[in-house]
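Good morning, colleagues. May I ask you to turn to the model on the screen.

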Amino acid sequence: MSRSAHPAGPRHADVLPEGHYSAPPADLNALDPKVWAHTVSRNADGALTVGGVDVGTLAEQHGTPAYILDEADFRERARAWRTAFGNDADVFYAGKAFLSRAVVRWLHEEGLNLDVCSGGELATALSAGMPADRIAFHGNNKSVDEIHRAIEAGVGRIVLDSFQEIVRVAHVAQSLGKRQRVQIRITVGVEAHTHEFIATAHEDQKFGIPLAGGQAAEAVRRALQLDGLELIGLHSHIGSQIFDMSGFEVAAHRVVGLLKDIRDEHGVELPEIDLGGGLGIAYTSDDDPREPHEIAKALTEIVTRECEGARLRTPRISVEPGRAIVGPTAFTLYEVGTIKPLDGLRTYVSVDGGMSDNIRTALYDAEYSVALVSRTSDAAPMLARVVGKHCESGDIVVKDAFLPSDLAPGDLIAVPATGAYCRSMASNYNHVLRPPVVAVREGESRVIVRRETEEDLLRLDVG
Ligand SMILES: Cc1ncc(COP(=O)(O)O)c(C=O)c1O
């Protein structure tokens, strides 16, 4: 895809309306290291560079829109999680955040395990050489075929999500002459998002088996009776984009409470506890995520304290960060198209992608930042809304952000922190083609997931 030439766009000095934004930043050209991948900076001409490659070159070589992923940053973050938890714990990268064969190889090399939640993710992991015993298989409705493939491949654990699945997995394992290692996912009555957590009395959601009413204890009873299963532990996942550890305290307290009940009833101390993922990242300068070593220390202390209180041996801990590893490592590079100033409101800046490459703003009301990256500008800030090219008024990528008022069609802008849940949730809405993922490292770029083509679309449409 080549970059198009545009006539100069309109200029707009904004009157600031009521809205969801803070004051314009002091320097619109500054790149807050909190929200950008580690190797991002500006070169002498003011253009953004990442992994030693400037965005103009990336746009010329790979077109726009494109997800640009900093491989060194990905590896560094994966390693930081691995190091923080040490050899007495396991880090399972949550593949749902973003998975490709290159990513699987990086994870393998950096010593991480992998959590998959569909046959497709499992196939990707296996095809890129992730050892099956380092894979955990999740999901609230795994098909019998998926269960069969996972057990046959020898996955390290299956996380059981319902009473029916306990029987299903045991049955398939037995039919294959195997004993499958499993955890039971329990819902502990805690829901955590960003700075708050809510303790709920009951669990009104599709995942897991509720602790409430003794259901989780009954699931354990059944799993322990089935020859096809080796119950190795309990699993809990409480939310997403979490900064405050207090939700984990309540969750760990309740999970360890069940471990104690299991010991008292069955004389068995389950050896593992998985606290899931959900750790937050910075999407804007207002977010202050914790470092992996702080998280590891906090979670280990919580579990150890709870186990000491219950006179249990501390189980092996595992965690499943997805967003916290891949989220900050990528940005989406767009070319600016139509610019539409709405007097007294804001300026609508249309880009060549939109909700098909980033559904999170429409789906979760997510906040993002944005920057002009093909050059710097000394123009006054203008309040902008970055929107896509889809036939949908909710097609918003960045709700409110400041961009320079001399922004023009043909400029390149980038939305940072789009590594997680953007390409993996991308769609073909309006038959817009899904962008490539381009990995950059030490002055070179390479496509790790290619851009979709119209031929790809037509090949699926068999008439
Ligand atoms: C069971 C489980 N583990 C891990 C994750 C990863 O969460 P995050 O990417 O927010 O770390 C999820 C996300 O939905 C999940 O459901």
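I shall speak about aromatic pairs, then a pocket, then cavities.

The model is predicted, so local features need pLDDT of at least 70 and side-chain atom pairs count only at pLDDT 80 or more, while totals for chains, interfaces and linings use all residues. Residues are numbered from 1 along each chain as its sequence is written, and side-chain values use heavy atoms, with hydrogens and water left out.

I begin with the rings. There are five aromatic pairs in the structure. One of them joins Trp81 and Phe85, which are stacked, at 5.9 Å centre to centre and 5 degrees between the planes. For reference, rings of Phe, Tyr and Trp (its six-membered ring) pair if their centres lie within 6.5 Å; planes under 30 degrees apart count as stacked, over 60 as edge-to-face and the rest as tilted. Trp81 and Phe85 are four residues apart in helix 2 (residues 71–85), so about one helical turn separates them. Helices here are DSSP runs of H or I, at least four residues, numbered from the N terminus. Trp81 is buried at 2% relative accessibility, and Phe85 is buried at 8%, where buried means under 20% relative accessible area with a 1.4 Å probe, protein chains only. Elsewhere, ring pairs link Phe74, Tyr93 and Trp106 into a cluster.

I turn to the second largest pocket, which holds about 350 Å³ of space. Of its 18 lining residues, Arg77, Pro289, Arg290, Glu291 and Pro328 are the closest to its centre. On a 1 Å grid over the protein atoms alone, a pocket is an open set of points with protein on both sides within 12 Å along at least five of seven lines, a cavity is a set where a 1.4 Å probe fits but cannot get out, and lining residues have an atom within 4 Å of a point. A volume is the space filled by probe spheres set on the points, which are joined across faces, edges and corners.

Which element gives the most to this pocket's lining? It is helix 2, with four residues. Why does the pocket lie between domain 1 (13–70 + 328–460) and domain 2 (138–321)? Because both domains give residues to its lining; the bounds come from an automatic or database domain assignment.

Finally, the structure holds three cavities of 30 Å³ or more. In the largest cavity there is about 40 Å³ of space, and its lining includes Tyr67, Phe98 and Arg423.

How values were computed. Helix = DSSP H or I, 4+ residues; strand = E, 2+ residues; numbered from the N terminus. Buried < 20%, exposed > 50% of the residue type's maximum accessible area, 1.4 Å probe, protein only.
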